[in-house]
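Visitor: I'm new to reading protein models. Could you walk me through one, feature by feature?

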Amino acid sequence: MLLREAVYYDAAGLKRLASEGEPYKAGGDSTMSEAVRTMLQTNAEAVQEAAALADAGFLWDFWYPAVRSAEIRGQKLVTAMLLEVPLVIGRTSEGKAFAMRDSCPHRGIPLSYGRLDGTVVECCYHGWRFDACSGRCVEIPSLTSQDKLKVERIFAGHFPCEECDGYVWVYMSGPGTQLPETVPAAPALNVFSDKYKIIHLSCELPSHVDHGIIGLMDPAHGPFVHQSWFWRKRASIHEKAKQFEPIPNGFRMSPHQPSANSAPYRLLAKMTGETVTTTIDFVLPNLRTEIDRSGKLWFSSRATVTPVRRDLCRIDFVAAWNLLIPLAVFRPFAKKFLRQDQLTMIQQAEGLKYNPRLMLIDDADRQAKWYFALKANLLESRRTGAAMVHPMNGPVTLHWRS
Ligand code: FES
Ligand SMILES: [Fe+2]
């Protein structure tokens, strides 16, 4: 049993389980002509690339937010990186967002140097043209009437793409894996009335996504990192008992009355005269949601930690509420809060460079242990095809001081 004992783990070795499978192919298939095939990377190179990506500790086959919706306007092509995959993102003339691998399948130049023409992206090098939503090649200008090359069999890499809550989400299908027949919907923020205010913030953290995530669910840093007059003081630290329950792919801090030492919650209770109930969920691959409700008033937030590269991740925070708190009042507080986390993780990255041995202790780090176990068990179930084993076998109460 892991309970009540310290677990050591390695900063570089945060459970990295390779999922086996074919390498990601930029395009084409086995019936492609030799002329095209020779231009693609050799199989050995592709296998190496897939192994390197699998080794990075990323969770594939999930939705990740890539850019804000507002960034893709008109004919603009925007670049982003998710799970070390360079992407080019844009919007067709019909308004549909699309995400392609930012690499021309001909000779690898980023497609983002090319141009978007309604529904087609044209490479800047030799002018190959690709349908933006499917990645299918629609024209190779150098071909003559004598050429037999089947243009429509060539594909640029492309990924399912959806817009939700002001973000462009990209479904990062794993290297060499087939897309499921129906890709699930991108995760939407919980809202509880027609009218509400909404805010988006983001910040980059110079660390592996695992550190970003366990930082997000870590209850013990609050009194030290987030000291401020509006939130709490170090001296307000006190013992807490919180009940958790398993949910699919994650865990829930069961609905409870939030910490009495936090000013915003006291304010909410004062406004409605009713009790405040808070529910906090963590769900793989990277989502932490919090819902606070008191009478008719509600506040809902979602933080995702998205892997950009193995040494860089990004927190995207979105919150919505129907309380009488103006955006201009909430924004600086939320910004300060995120900035405190960011500064701490910049400092932590300094130490992690030297690959120290690290510890997870009970009960304050139990959620981090569940996260690693969920991740490992998910990869194991994908590998074997067996049902995923949940690391929790029922509700459990954790105790810590914060
Ligand atoms: S590299 Fe894109 S068309 Fe040749
Ligand atoms: Fe924090």
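Guide: Let's go from the overall picture to a few local details. Keep in mind that this is a predicted model.

Visitor: How many helices and strands does the chain have?

Guide: The chain has 7 helices and 21 strands. Of its 402 residues, 30% are buried.

Visitor: What share of the contacts comes from residues 24 or more positions apart?

Guide: Counting contacts in the chain with a separation of 6 or more, 62% are between residues 24 or more positions apart.

Visitor: Which residues have the most contacts inside the largest nonpolar core?

Guide: That core has 41 residues, and the ones with the most contacts inside it are Ala66, Leu87, Ile89, Val168 and Val170. The elements that give it two or more residues are β2 (62-68), β3 (78-82), β4 (85-91), β5 (97-101) and β12 (167-172). Another core, of 30 residues, lies apart from it, and includes Val209, Cys313, Ala368 and Leu378.

Visitor: Let's zoom in on one residue. What does Leu87 touch, not counting residues up to four places away in sequence?

Guide: Among the residues that Leu87 touches are Ala66, Thr79, Met81, Ala99 and Val170.

Visitor: Now sheets, please. How do strands hold on to each other in a sheet?

Guide: Strands of a sheet pair through backbone hydrogen bonds, and the pairing is either parallel or antiparallel. Here, one open sheet has 4 strands in the order β3-β4-β5-β10, and its pairing is antiparallel.

Visitor: Why is one side of β3 and of β10 left without a neighbour in the sheet?

Guide: Because β3 and β10 (158-159) stand at the edges, each has a single partner strand. For β3, that pairing with β4 is antiparallel and has 5 bridges. If you'd like to find one spot in it, look for Met81, which stands opposite Pro86 in β4.

Visitor: Which way do β15 and β16 pair, parallel or antiparallel?

Guide: Antiparallel: β15 (residues 250-256) and β16 (residues 277-283) pair over 5 bridges. There, His256 has Thr278 in β16 as its bridge partner. Strand β16 also runs antiparallel to β17 (residues 287-294), and 7 bridges join them. In that pairing, Ile280 stands opposite Glu290 in β17.

Visitor: How many residues does the hairpin from β16 to β17 go through?

Guide: The hairpin joins the two strands through 3 residues. Pro285 sits in that loop between β16 and β17, and the peptide bond joining Leu284 and Pro285 is cis, with omega about 5°.

Visitor: Where else can I look for a cis peptide bond, say around Asp363?

Guide: The bond from Asp362 to Asp363 is cis too, with omega near -10°. Asp363 is in the loop between β20 (357-360) and α7 (366-384).

Visitor: What about backbone angles? What is phi of Leu83 near?

Guide: Phi of Leu83 is near 50°, a positive value in a residue other than glycine. You'll find Leu83 in the loop between β3 and β4.

Visitor: And is Leu83 buried or exposed?

Guide: Buried, because 24 C-beta neighbours lie inside 10 Å of Leu83, and the cut-off for buried is 20 or more.

Note on methods:
Residues are numbered from 1 along each chain as its sequence is written. Chains are lettered from A and ligands numbered from 1 in the order in which they are written. This is a predicted model: local features need pLDDT of at least 70, side-chain atom pairs count only at pLDDT 80 or more; totals for chains, interfaces and linings use all residues. A residue is buried if 20 or more other C-beta atoms lie within 10 Å of its own, exposed if 12 or fewer, and partly exposed in between; C-beta atoms are placed from the backbone. Two residues are in contact if their C-beta atoms, placed from the backbone, lie within 7 Å. A nonpolar core is a set of buried Ala, Val, Leu, Ile, Met, Phe, Trp, Tyr and Cys residues joined through C-beta atoms within 7 Å. Two strands pair if DSSP finds at least two bridges between them.
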